[in-house]
Amino acid sequence: MRLRFLYATLCGLVLAGLVHIVTVLAIPLLSEADALSRARGSETLDHPQRLYTLSTADEPAPAEAWLPTPDPAVALGVCAYDLDDGPMRVSARTGAQMLSLAAHGRRGAFYAVTDQAAVRGALDLVILTRTQYDEALANEDENEPSRDVRIVAPERQGFVTVRVIAALPSQRAAANEAVQAVSCTIDSPSEEPGK
Amino acid sequence: MTSVAETDAIRAPARPPRTGTRMPVPAAGLARRVRAFLRKTSRVGLVVYALGLGAGLGLVSADWATRGRYPFGGVTVGPWTAWPRAGASNADPYARAVNARRGEIPLAVGEGLLLSATTDDTGRGLEAGCRYSIAGHTPPARAWTLTVTGRGAPDPARPSLRSGFTSTEILRERDGRFAILLAPEAQAGNWLPSPGRSGALRLALRLYDTPVAAGTGSLDPETLPAITRLGCGA
């Protein structure tokens, strides 16, 4: 009887290990509180959704922030994308403040670029699937090479974060504006005139 | 009869109220009833027990492992700990689960690196009632911020003056070093007010656009600010 009980306990422990592994792997897929699910709300916008707005004299405390541990000196915005709608173009103009863009998939960040990579004050990040990338290469005009930074995304859904650092409290309002000034649009070359 | 009761106690270790050999009467009655149930439907009972143990232990341990900090992949340098892979696409499943549960967007490798500290240089936990000096250098970075957070909600009676310094705001010594004083009362120099009167504190040093993020091997205690406790109480 005791042996059978030990045997049942052993089975239970093995089962516990399996349940543990399955649960840990399933949490990112099932979570509704993760960044990707929450960023979905920004999909229809053509500018980043504000995640963390720096507090200024006019705007005291950000109420909409859900980030657990935000940096109080960094304004953060997010643009969600679904590559089924077309390639995602994130255009940023660099200013006095440090800006960084990071592309995240469900598994984590797969690309990040700062404003130091900007060409003539403009930073254009295009996120596409492998097929869309090949298409863009084929359609490219050889005499006029594109200055876009093209990134092939590992998954169809994800989001791009925009971080702008306010080095001084007086730059906070400008940092909030710099996040809003970034544009996130769906690139559809067929709609452009003359092509 | 006593020997039977003892084997029963060994056989069912998960039954909660087991106070040595002298059981309270209701618990002994319960144990006897369980024993009778087990004897009658022993196989079914054991299967149910194994399934219950597996599901319960598995879920509780998964919850425990993905709550709070990242369990693996930390690089500890003095009091500071960094998780350089936490935001990367090759992060371990636990880090991904922790991020998903908290809704965290960690810094990507190309963006920067977060270092956090919950103890001082000697290993004692950071407390809001104490005064600390955070002094020294930082690794090369285009910008950095050092912030303090307390556990729980902030005290509404205390005005939040500032919760951190940026690399531009800080006042430096002649040789480029800096010293931040973390204290509940106002201090001369770079004073960082404690977020509360009591409780544990956590310091976060975020390095932006730093080469360190790509290889944390270059980090050593000399390049990071030292956290020294100056004293506690008034």
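In helix α1 of chain A, the residues Ala8(A), Gly12(A), Ala16(A), Val19(A), His20(A), Thr23(A), Val24(A), Ile27(A) and Pro28(A) are buried, a residue being buried if 20 or more other C-beta atoms, placed from the backbone, lie within 10 Å of its own. An α-helix has 3.6 residues a turn, so residues three or four places apart point the same way. The buried residues of α1(A) pack against α3 (42–65) and α4 (93–102) of chain B. Helices are DSSP runs of H or I with at least four residues, strands are runs of E with at least two, and both are numbered from the N terminus.

The model is predicted; local features need pLDDT of at least 70 and side-chain atom pairs count only at pLDDT 80 or more, whereas totals for chains, interfaces and linings use all residues. Residues are numbered from 1 along each chain as its sequence is written, and chains are lettered from A and ligands numbered from 1 in the order in which they are written.

Chain A is divided into domain 1 (1–30) and domain 2 (35–189), with bounds from an automatic or database domain assignment. Their C-alpha centres lie 42 Å apart.

Between the chains, 49 residues of chain A are in contact with 48 residues of chain B, contact requiring C-beta atoms, placed from the backbone, within 7 Å. On the side of chain A that touches chain B, α1, α2 (35–39), β4 (99–104), β5 (109–114) and β8 (157–165) each supply at least two residues. The largest share, 18 residues, comes from α1(A).

Methods: Buried ≥ 20, exposed ≤ 12 C-beta atoms within 10 Å, placed from the backbone. Contact = placed C-beta atoms within 7 Å.
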